[in-house]
Amino acid sequence: MTQFYLIRHGETLWNRQRRLQGSQNSPLTEAGLAQAEALSRELATLEFDAIYASPLERARITAEIINQPHGLPLQLDDGLKERAFGVLEGCHREEQAELWQALSLRFSQNRVDVPGFEPADQLQSRALDALQRIHLAHPQGRVAIVSHGEWLRSVGNAQAGHPAWSDKTELQGNASFITLTWPIG
């Protein structure tokens, strides 16, 4: 069994502005950097076998800060990237209202007619494949993973037996973690 510490990156400028980020980068705010530093102190006494992160800047920088007391090689994995939101990336709700309405349907169905939008079942499959791959590399290990809100929600939905597109799993807060023993169930 692998013990995962699933971590969401620190607050970004677009989190604060309530913009969708997806595969786009937005810098960590001063608060986001402070959140990552506080989480680093909280996790400093744990012995991790590995630390993985999404290669997107907000997750990578959060992971680098968390890794400071551990000094492990940081391993970047594309399977940990955030869900792609297509043409909605960088937008507020007030912008492209018809596309935001389509986005809201992601919680009641898996098909969303937004160009470039990654369906929930594809995100969940990618997330679970990444966890399985990391588990196989560290079958009895304790592993920190720094990723993103929707990625983490997809894992939570799988763990709880909810549909991939469900909103029953709450969005994890910035620079917070949950633990997950793998394989699930």
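This is a predicted model: local features need pLDDT of at least 70, side-chain atom pairs count only at pLDDT 80 or more; totals for chains, interfaces and linings use all residues.

Reader: In which sense do strand β2 and β4 pair, and over how many bridges?

Author: Strand β2, residues 50-53, pairs with β4 in the parallel sense, and four bridges are found. As a general idea, side chains in a regular strand alternate between the two faces of the sheet.

Reader: Which residue stands opposite Ile-145 in β4?

Author: That residue is Leu-6. The pairing of β1 with β4 is likewise parallel, over six bridges.

Reader: How many of the residues of β4 are buried?

Author: Five of the six are buried, and β4 is thus mostly covered.

Reader: Where is His-148 found, and is His-148 buried or exposed?

Author: His-148 lies in the loop between β4 and α6. Burial is judged by relative accessible area, with buried meaning under 20%. His-148 has a value of 0%, and therefore counts as buried. The side chains of His-148 and Ser-54 are joined by a polar contact of 2.8 Å. Beyond neighbours within four places in sequence, His-148 is in contact with residues including Arg-8, His-9, Arg-58, Lys-81 and Glu-82.

Reader: How far apart should the ends of helix α6 be, and how far apart are they?

Author: At 1.5 Å a residue, the 12 residues of helix α6, 149-160, should span 16 Å.

Reader: Why is α6 described as largely enclosed by the rest of the structure?

Author: The description applies because nine of the 12 residues of α6 are buried. Among them are Trp-151, Leu-152, Arg-153 and Val-155. The elements that cover the buried residues include β1, α5, β4 and β5. After α6 comes Gly-161, whose phi is positive, near 80°.

Reader: What is the relative accessible area of Phe-177, and in which strand is Phe-177 found?

Author: Phe-177 is found in strand β5. Its relative accessible area is 27%, so Phe-177 is partly exposed; that class lies between the 20% and 50% cut-offs. Separation in sequence and separation in space should be read together: Phe-177 and Ala-144 are 33 residues apart in sequence, and their C-alpha atoms are 9.2 Å apart. Leaving aside neighbours within four places in sequence, the contacts of Phe-177 include Tyr-5, Leu-6, Ile-7 and Gln-172.

Notes:
Residues are numbered from 1 along each chain as its sequence is written. Side-chain values use heavy atoms; hydrogens and water are left out. Helices (H or I, at least four residues) and strands (E, at least two) are DSSP runs, numbered from the N terminus. The expected span of a helix is 1.5 Å times one less than its number of residues. Buried means under 20% relative accessible area, exposed over 50%, partly exposed in between (1.4 Å probe, protein chains only). Contact means heavy atoms within 4.5 Å. Two strands pair if DSSP finds at least two bridges between them. A polar contact is a pair of N or O atoms within 3.5 Å; within protein, one must be able to donate a hydrogen and the other to accept it, and residues adjacent in sequence count only if both atoms are side-chain atoms.
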